[in-house]
Amino acid sequence: MKFFKIFIGLAFSLSSYVSLAAFEIPHYEKYTLANGLTVYLMKQSEVPLVDVQLVVRAGAINDGKRYGLANITGDALIFGAGKYSKNDLEEKFDFVGANFRSSTNKETSSLSLSFAAKDQNALMPIFADIVTQPHFAANDFTKYKKRYLANLEQQRESPRSIIGDAFNRNYYAMHPYGNPVGGNLRSVKGIELAQIKQFHENYYTPDNSALIVVGDIDSKQWKSKIETLFSKWQGKAKKQALPTFTQTAKPSQVLLLNKADATETTFMIGGKGVAATNENTVALSVINTILGGRFTSWLNDALRVNSGLTYGARSRFNSYSSHGNFYISTFTKNATTFEAIDLALKTYQRLWDKGIDAKTLSSAKAYVKGQFPPRYETSTQLMYLLARMWSLGLNDSYINNFEKNVDALNVTTANKLAQHYFPHDNLQFVLIGKADELREKAKKYGKVKEQNIIEF
Amino acid sequence: MANSFAESNVDDVKTIKLQNGMTILVLEDHSIPNANMYLFWKVGSRNEYPGITGLSHFFEHMMFNGAKKFGPKQFDRVMEAKGGANNAYTTENVTVYTDWFPANSLATIFELEADRIEHLAIDKKMVESERGVVTSERSTGLENSNFRLLSAEVKGAAFRAHPYSWPVVGHQSDIDNWSMQDLKDYHRTYYAPNNAFVVISGDVTVAEVKKLAKQYFEPIAAQKPPRKVHTVEPEQKGERRVYTQKSSITSPNILMAFHVPATKHKDHYPLQMLSSILGDGKSSRLYRSLIDEQQLATQIWTYLPNSFDPNLIYIYGVAAKNVSAEQLEKGIIKEIDNIMLNGINPKELEKVKNNAQVDFYRQLATINGKANNLGSYELFYGNYKRMFTAPEQLAKVTKEQVQSVANTYLRKANRIVGVLGKNLDSKKGDL
C-alpha cells in the first residue's frame, strides 16, 4: 500500500462540510419525546438499508478510577435483553445480515444497528429491548471479562495500538480526559457486574440520549414506531460535572515504554490543542493538512519522501468538547530514532520560522474541500455526523458554512492561527521501543519516565 | 431481480474499449459531486521470481515518483491542489491505483495517469529513498501484526513452486538489491494499456470520459502480452507445519491454511459459503464454539482471498489465556471434522445468503465500493456483471455442496499449520 489508510482525511473528525449548491447537509427532522429522548430522522434511499444509533452522553470521562467501565457497559448490553439471551440476540442479527455494535469514546457511548429496510419491524423491538431491558447475564459477563483481559494484554504486543492511550495519559495526567477508553489490566480486573448495572442506571436514560435513524425510511411510520418502542422508557441521568483541566506549564517529559524485542521506535510528540467547539477548527484543519494531514504534507515529505526514514508521518488535533491536544506521530527503525525525532521537530518549527505560503494554502484549501463530500455519502456516515452534532451541540450552520470558512482563510490569518494554536513549548514525548537503545539519548528532550509496555 | 431497489444496476455500467486494448468501465452516480478512477493492473507478486520478490509492490510506490511532464513529487502535488487524493494497493494478483477527486478535476487525473503510464522516469535517487520507505512499511507490519509474521511462514510452506510462496512485500534482501534494469523491464512489461482494466464511478458522464480516454489513454502504445504464469503447485500429500517465535507475544497464534482452487472455479461459491459459516459473526461455528463456549480463543476468523491461480483458505486464531496452541488447534479441527461428517443445517445456509444480499447493498452505497467491486469482479470472476448476480449465485449453493467442499479441501493432508509462540523452538533433550 502506498500510504496508511488512517492518513487519509482531515485532522478533525468533523470539521468540514462542503456547501456547494448541490451539497448541503441533507434534510432531517429532529424532535423530543415526552420522556426527554431526542430523535433524529433522515431519509436516504439510494440503497434499501437503515442505520440506527442510540447515543448516550457518558463515556470514559465518567469511569472514575474504573477505567474501561463505560466501554464494558456498552458491550454488556447485549448479554441478554427482553425475552432473548445473548446468543439469541447474536443469532437474530447475524441471520439477516444486521451489524450490531457498541462503541464508546471519551464522552459518549453508542449502540448502532445497520440492517436491510425490510427487517425493520422484526429488529427494532429487539434494539429497544437492548437499550431499555438488558439482562447483564452474569455467566456471559464472566466469560467476556476473561477474554477482555487477554485482549488488553494482546493489545500491548503492538505499539501502534496503544501509543494513543499512552500519549493521552501522559498529557492529561489524572484528568478524566486521560482515562483510557478500553481501561487497563489493573482497572478492568476490578470491574464487577454491579458497577456496570449502576453505570447503566446512572447514564442510559432518555433525557441523556438521542436516537438517530438514517436510511430508507418512511418518516411517519418511524415516528409511530419510535413512540411505541421508546416512550415508556423512563429515568433521569446522574449529573456529573467534568473537572476543569488546568494546563500547568508542565516541562517537557518523555514517557518511554520498553518493548524489548522492538525493531522500530513508534513515537508521538505534542501538546495543547483545541476543543471540538473552537470557532477556528475548520481553519486549523486546513493548516494541519499542510503540516501533517496529507501525503504532500511537510512532515510526510521530510520524513518519508526525502529521507526514507519511515512509511508515513502525520499530525492531528484530538479534540473533545471542552479541551483537546495535538500530536505528531510516526515510526522508524531503532537506529534512526533520534534522526527522525529531530527531523520531525525541525519540520514542525517551520510553522514559526518560514510559515505558510499562498500557494500551499490554496492547495490545502482545495484538498480539504474536495475530499469532503465522500465523508458523508452513506447513511452510516450521516448517522455518525448527526450523533456528533448532538453530542457537541453543533447546529447546521457550523456544517453548512464549512466552505465559506475554508474560503475565508488567508495567509496572514493562517500564520497567525498556526502560531497561536499549535503548541510550541513544553512538548510531551512518548516513545515505544527498545529502551536500552533509547533511554540515554531521550534525556535531551526532557525528564524520562520509563515503564514496561505490558505494564502500561 | 433481488437488487431492484438499488439505484445502480447492471445496465447503468457502460464499457469503453480503446484501440490499444485498454478497457474502461463507467458508472455514473450523481449523488455527490465527486468521482474516482480505479486502475487495475494485472500484476502482483505472482508475476515475480526469486531475486525480485516484492517488486510489484515496490513499483506501486515508484509510480508516484515522477514521470516526463510531472517530475518527482508532482503527481501528488498537482492532484492534491486540484482537491484530489489517492492511494494504491498490491496483492498476490493485482496492483490497483485509486484516485478520489472532485468531478471537475477529471481531466487532470487523466493527464497525470497518462504521463506516468507512458513515461515513468525511474530516478536513481528516488529508488534509494523508496527502498527505505518500503523497508519501514515491511518492518512496521511485522512489528504490529502477528498475522503478517505468521502468514509469511505459512505461505512459504504451502507453495514450494508457485510464486504465491513469498509475501507481497517481498524478502528484505530483494528489497535491498533489485536493479534499475529490473524496474525498467517491469514497467514496460506490465504497465501497458492492454494489461489494465479501469473503472470510473461518480459525478461524470460517459461522453466526457470517452473523450478524455481517447485523448489521454488511447495514444499509449500496447505491448507484447506478459509471460503467462504457468507454474502449477504440485499436489500436497501430507500435512506441513511451521513454527515461528516472538518474545513479546502474550499467547500463541495459529494460522491454518488449506489449498483451494482459483476464484473462477465452480467450487468457489461453496467455499465462500463454508468460510462464512465457519468464521463470520458471533453466531458462526468457530466463534460460538471456540470463543464463547469452550473459551479456547480470544479471536478467530476465516479468510478466502480472490485469486487468479489456486491459492489458500485461511483460519486464524489467537489462543485464550493459558490455552496452548495444541488445544486451540484441536478445537478448530474438531469443528471442521464436524462439518465434514455431519454437514451444515439449512438455517446456516439461509443466513449466509441473507448476509450476501445486505453486503451487496453496502457495496453499492459508495462510489468507491462500486468501482472497486466492479473491477474485482471483472478480474477475478471474468466479468464485472457477476457483481450484480453474486447474491443469486451464492443463493444457489446447496448444503450438500458445502459439505462436499469441506471434505475435498479441509482434509489433513491438504493442510498447513503455522504456530507463533513466545518460546524458542528448543527444549531439554531436543536443543
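Predicted model: local features only at pLDDT ≥ 70, side-chain atom pairs only at ≥ 80, totals over all residues.
Visitor: In what order do the 5 strands of the open sheet in chain B stand?

Guide: Strands of a sheet pair through backbone hydrogen bonds, either parallel or antiparallel. In chain B, the order is β7-β11-β8-β10-β9, and the pairing is mixed.

Visitor: Why is one side of β7 and of β9 in chain B left without a neighbour in the sheet?

Guide: β7 (240-245) and β9 (297-303) of chain B stand at the edges with a single partner strand each, so one side of each has no neighbour in the sheet. On average, neighbouring strands of this sheet are turned by 15 degrees against each other, direction ignored.

Visitor: In which sense do β8 and β10 of chain B pair?

Guide: Strand β8 (residues 253-260) and strand β10 (residues 311-319) of chain B pair in the antiparallel sense, over 8 bridges. B:V260, for instance, has B:N311 in β10(B) as its bridge partner.

Visitor: Is helix α9(B) mostly covered or exposed, and how many of its residues are buried?

Guide: An α-helix has 3.6 residues a turn, so residues three or four places apart point the same way. In α9(B), 12 of 12 residues are buried, including B:H268, B:L271 and B:G279. The helix, residues 268-279, reaches 16 Å from its first C-alpha to its last, close to the 16 Å expected. After α9(B) comes B:G281, with a positive phi near 90 degrees.

Visitor: How many residues does each chain bring to the contact?

Guide: Chain B brings 64 residues and chain A brings 59 residues. On the side of chain B that touches chain A, α4(B) gives the most, with 11 residues. By class, that side has 21 nonpolar, 25 polar and 18 charged residues.

Key
Residues numbered from 1 in each chain as written. Chains lettered and ligands numbered in written order. Pairing = 2+ DSSP bridges. Helix = DSSP H or I, 4+ residues; strand = E, 2+ residues; numbered from the N terminus. Axes fitted to C-alpha atoms, helices over the stretch in contact; angles between N-to-C directions. Expected span 1.5 Å × (residues − 1). Buried ≥ 20, exposed ≤ 12 C-beta atoms within 10 Å, placed from the backbone. Contact = placed C-beta atoms within 7 Å. Nonpolar A, V, L, I, M, F, W, Y, C, P; charged D, E, K, R; others polar.
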